[in-house]
Amino acid sequence: MKKLIVSQSRLSIGVVALFAILSISISCTKTMNTMYGTGNGTGNNGGSGGPGTNEVWIQGMAFNPSTITVAIGTTITWTNKDAVSHTVTSNSGAFDSGIIGSNGTHSFTFNTAGTFSYYCAIHPTMTATVVVN
Ligand SMILES: [Cu+2]
């Protein structure tokens, strides 16, 4: 009888530990989404080494910020900080930069509200979003 009780309590500890691990990993995922999902539309002016307002840097094979939110009529400028060429290509065909060489820039004015997904045609795993409202 005593042995049975011991093994039951071990089982409950195991179940509790499992739930604790699960909830920790779930909250980690949520934190990651918060950190990387929304991006930073305002950027960092003032020489801190990040993209300025209405700017997207293409750096380290990624668009930074990955989501930028602007008002209708805003011109966004992409700057290629990488050594390799990239493109800024709309999934819907709304815009396409063509090849942007290293240190090159491309600007586009968004006159229509909406969510515009885009990617790099050379490296299609590079994806990002412009939200216009
Ligand atoms: Cu690319």
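In this predicted model, the largest nonpolar core has 15 residues, of which Val56, Ile58, Phe63, Ile76, Trp78 and Val130 touch the most other members. A nonpolar core is here a set of buried Ala, Val, Leu, Ile, Met, Phe, Trp, Tyr and Cys residues joined through C-beta atoms within 7 Å. At least two residues of this core come from each of strand E1 (55-58), strand E4 (74-80) and strand E8 (127-132), and E1 gives the largest share, three residues. In soluble globular proteins, nonpolar side chains tend to be buried together.

**Basis of the model**

- Residue numbers start from 1 along each chain as its sequence is written.
- Because this is a predicted model, local features need pLDDT of at least 70 and side-chain atom pairs count only at pLDDT 80 or more, whereas totals for chains, interfaces and linings use all residues.
- The protein has a mean pLDDT of 77, with 64% of its residues at 70 or more; pLDDT is the predictor's confidence in each residue, from 0 to 100.
- Residues 13-47 have pLDDT below 50, and this stretch makes 20 contacts in the model beyond near neighbours in sequence.
- Where pLDDT is low, the predicted coordinates should not be read in detail.

**Overall architecture**

- One helix and eight strands are present, and their pattern along the sequence is α-β-β-β-β-β-β-β-β.
- Helices (H or I, at least four residues) and strands (E, at least two) are DSSP runs, numbered from the N terminus.
- Among the 133 residues of the protein, 17% count as buried. A residue is buried if 20 or more other C-beta atoms lie within 10 Å of its own, exposed if 12 or fewer, and partly exposed in between, with C-beta atoms placed from the backbone.
- Of the contacts with a separation of 6 or more, 45% join residues 24 or more positions apart; a contact requires C-beta atoms, placed from the backbone, to lie within 7 Å.

**Strand pairing**

- An open sheet of four strands has the order E3-E8-E7-E5, with mixed pairing. Strand E3 (67-70) and strand E5 (89-90) are its edge strands, each pairing on one side only.
- Two strands pair if DSSP finds at least two bridges between them.
- E3 and E8 run parallel and are joined by four bridges; threonine 69 has valine 131 in E8 as its bridge partner.
- E1 pairs with E4 in the parallel sense over four bridges, and glutamate 55 has threonine 77 in E4 as its bridge partner.
- E4 also pairs with strand E6 (residues 105-110), in the antiparallel sense over six bridges.

**Selected residues**

- Isoleucine 76, one of the core residues named above, touches Asn54, Val56, Ile68, Val70, Ser107, Phe108, Phe110 and Val130, leaving out residues up to four places away in sequence.
- Threonine 77 lies in strand E4 and stands opposite serine 107 in E6.
- Threonine 77 counts as partly exposed because it has 14 C-beta neighbours inside 10 Å.
- Apart from neighbours within four places in sequence, threonine 77 contacts Asn54, Glu55, Thr105 and Ser107.
- From C-alpha to C-alpha, threonine 77 and threonine 109 are 8.9 Å apart in space, while 32 residues apart in sequence.
- Alanine 94 is located in the loop between E5 and E6, and its 15 C-beta neighbours inside 10 Å are why it counts as partly exposed.
- Alanine 94 and phenylalanine 110 are 16 residues apart along the chain, and 9.4 Å separates their C-alpha atoms.

Key
Contact = placed C-beta atoms within 7 Å.
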